[in-house]
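The following note sets out several points for a colleague who is reviewing the structure. The points are numbered so that each may be taken up separately.

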Amino acid sequence: MTTQLTVGQPEAVASVGESRHATRVGAGRSRTNWPLTIVLAVCSLTVLVPLYVTLSMAFKTTSQSVDGNAFSLPWPVSVSGFGQAWQLTDFPRSFAISVFIAAIAVGGTILLSSFAAYAISHNWQRRAFRWAFFYLLAAMFLPFPVVALSQVKLTGMVHLDNPIGVAILHVMFQLAFSVMLFTAFLRSIPAELEESARIDGASTAQVFWRLIFPLLAPMSATVGIFAFLASWNDYVMPSLITSNPALQTLPVLQQMFQTQFSNNYNVSFASYLMAMAPSILVYLFTQRWVMSGLTQGAIK
Amino acid sequence: MAITSLPTPGGSRSSHRPRVEPVFHLFLWPTVALFTLAITVPAVMGIVLSFTNSVGFGEFRFTGLTNYIAVFSDPAILHAYGFTLWFSLVTVVLVNLIAFLLAIALTAKIRARVSLRAVFVIPMVISGIVIAYVFSYLFANSLPTAATALGFAPLEQSILANPSLAWVAVVIVTAWQAIPSALLIYIAGVLSIPSDVYEAAALDGASPWRQLRSITVPLTAGYIVINVIIGFKNFMNAYDIILGLTNGGPGTATTSVAMSIFSGFTNGDYSYQMANATIFFVIAVVIALLQLRATRGRTAF
C-alpha cells in the first residue's frame, strides 16, 4: 500500500507542479501562448537538426554522403553504411561490452549508494557516519584528470585494466551524487513507518530489504538512469583504463572513423547513430524519472 | 547542493540505542573503503609523485618543487589554463542564460509542452565524443558551404581550422550538451515558486518583465548558484568534446588542462603532469569553496 503510493509519487509531484504553474506567463489568462510555442519550436531545431543530419547521412549511399549537402534526404535509401559500421566496430561485441559496463555501473551504484545512504541517515548523530557522508560527497569537487593517471597505473597493477575496472570506477564516481539523492529521499520517509516494522520483530536488514528499498524505488530509477547515461556515454575512462583494444566500448570505438575511414560519411554516421541510439531510447522510455528525481528533494 | 540536502541533524531514530548495529557498518564502510582505494589513493599517489621525477614506472627520486617551477614557466600549460578558464566562463554564462530562459518558456502556457521538454533534454543523453564528431562534420563541411553560398566571407573556411575561432565551436557544442541538465534544474526551480506570488504581483500591476526580475530570478537564486557551480566544475574538466572537435588544435589553440594532463600519460612526463594536476586540483577546490561561500549567502534568500 505504502509502496504503491510512493511509486506513484513522481507523477503526482509533476502534475501538481504543472497545475500550480498553469498560468505563469501571461498572468491569469488561460489562453495558449502561441508566439512562445512557435519560438520554442524553432529553437528546438538546434537540437533536432544535428540529429536529423546523423539520421539522414546514415541512410545515404557513399556517393551521396560525400556530395557536400548534409541536409538532403537520403536517395536512394541505403543501409550499406550500417553493414560496414557493424563489421568495423564489431558491433555485437562492443555493444555487449558497453551493456556489461553500464549494467554493473547501474546495479552497483543503486545498491552501494542506497546501503550507504541508509546507514548514514540512520546514524547521522554519529560523527564517523557524518564524516563519511562529506567524504563521499567531496568527490563531486574532485576533477577526474587529477586522479586519472594514477588510476591507470593502479588498475594496471591489479589487472583491472579491463571493462570490470571501468565499471567499478564508474560506480565510484557516481557515488557522491547518488548517496546525496538517496540521503535526501530517506529524510522524507517517516521514522514511524520503520518503527512499526521493528515492533513486528524485523531486523535492520529485513527492514531495509522489505520496506526501505521498495520505498526508494522512484529514487533508484532516477539514480539508475543517471548512472546509465554517465556510464554508457563515457569516453575518457574506458579509453584510458581498458588496455586491450578488443574490449573497448562503443563510444570509444567511434574514433576510428576520424582516421582510417574518414571519407565514408555514410558508414561513420551509421556508426554514430548506432552508438547514440541506445541512450536516446532509454531516455525516451524513462524520461519522467529523469525529471521527477530532480524535482523531489534532490535540489531543495 | 551538498549543503542543502543534509539529513536532519541529531535524528532521533536510533539515539536510544547505545551502539551502532553491525549491519550499518556493513552497509557503509566497505563502500567507503572501495571509494578510498579507487579515488583517494590515486589522488594522494599523484600528489606525492608530483614531487618526484617519476616517468610513470620504474625508480624515481624526490625532486622537490622542480616540477611545479617547470609547470609555472611552461607557456603551453599556462595557455591551457587560460583557454580552460576563459572557455568555462563563457560557457557557464551562455548555458545558464539559455537554460534559464528555456525553463521559463517551457513552464509557460504553451502547446506541446511535454514533447518540447523531451526534445530539449535529448542532448544530455548523447555521448559527448559522438556528438562532437557530428558537429565537426557540420562545422568543417556544411557551415563553410552555406557561408560560401551566402557570400559570408569570414565563415567560408572551417572555424575548426581557425586558431582564433575554434574555441567558439567548442563553446557551442559544450553548451549544446550541457543546457539540458541546467534546464531540468531550472524547471524544478521555477515550478517551486508558488503561483499566488505571481497572482499577487499581477494584482499590484507588475509587468511580466518586472515579475521576472523581482520574483522569478530572486526566488531561483539558489538554483542559479547550483547550476553555476556544477557547470563550472564540468567545463573545467572539458575533454571529450574538444577531442572530437579539434583535438586541441589548431596548434594548441583549444588544448584544455585535462588534455595537457592526459598527454603526460603518452609523453612520459608523468610526474610533471601530476604537478599540473595537483595545481589544477587546488584551483578546483578554491573555486568550489568560493562558490560555496556565495551559496551560503544566496540560498537563504
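**Notes on the structure**

1. Leaving aside residues up to four places away in sequence, Asp234(A) touches His170(A), Thr249(A), Pro251(A) and Val252(A). The model is a predicted one, and this note is to be read accordingly. Asp234(A) itself is located in the loop that joins α13 (217–232) to α14 (236–241) of chain A.

2. Asp234(A) is buried yet takes part in no salt bridge. The nearest side chain of opposite charge belongs to Lys233(B), at a distance of 12 Å. A salt bridge requires a side-chain nitrogen of Lys or Arg within 4 Å of a carboxyl oxygen of Asp or Glu. What the side chain of Asp234(A) does reach is the backbone nitrogen of Val236(A), at 3.4 Å.

3. Salt bridges elsewhere may be considered next. Side chains of opposite charge can pair when their charged atoms come close. How many salt bridges does a search of the whole structure find? Over all chains, the number is three.

4. One of these bridges joins Arg93(A) to Asp90(A), with 3.1 Å between the closest N and O atoms. Arg93(A) counts as partly exposed because its relative accessibility is 39%. Asp90(A) is likewise partly exposed, since its relative accessible area is 31%.

5. A further bridge is formed by Glu194(A) and Arg198(A), whose closest N and O atoms are 3.8 Å apart. Both residues belong to helix α11 of chain A, which covers residues 191–199. They are separated by four residues, or about one turn of the helix. Is Glu194(A) buried or exposed? Glu194(A) counts as buried because its relative accessibility is 5%, the cut-off for burial being under 20%. Arg198(A), at 23% relative accessibility, therefore counts as partly exposed.

6. Arg198(A) also meets the side chain of Glu21(B) in a salt bridge, at 3.9 Å from N to O. This pair crosses between chains: Glu21(B) lies in the segment before α1 (22–49) of chain B, and Arg198(A) lies in helix α11 of chain A. Glu21(B) is partly exposed because its relative accessible area is 22%.

7. Two helices of chain A, α3 (34–43) and α4 (45–58), each supply at least two residues of the patch. Leu45(A) is placed in helix α4. Leu45(A) counts as partly exposed because its relative accessibility is 44%.

8. Some totals for chain A complete the note. Its secondary structure consists of 17 helices and zero strands. Of the 300 residues in chain A, 54% are buried. Among contacts in chain A with a separation of 6 or more, 75% involve residues 24 or more positions apart. The accessible surface of chain A is about 12,400 Å², and carbon and sulfur atoms account for 68% of that area.

Definitions and conventions
Residues are numbered from 1 along each chain as its sequence is written. Chains are lettered from A and ligands numbered from 1 in the order in which they are written. This is a predicted model: local features need pLDDT of at least 70, side-chain atom pairs count only at pLDDT 80 or more; totals for chains, interfaces and linings use all residues. Side-chain values use heavy atoms; hydrogens and water are left out. Buried means under 20% relative accessible area, exposed over 50%, partly exposed in between (1.4 Å probe, protein chains only). Contact means heavy atoms within 4.5 Å. Accessible areas come from the Shrake-Rupley method with a 1.4 Å probe; for residues, only the protein chains shown count as cover. Lys and Arg count as positive and Asp and Glu as negative; His and the chain ends are not counted. A polar contact is a pair of N or O atoms within 3.5 Å; within protein, one must be able to donate a hydrogen and the other to accept it, and residues adjacent in sequence count only if both atoms are side-chain atoms.
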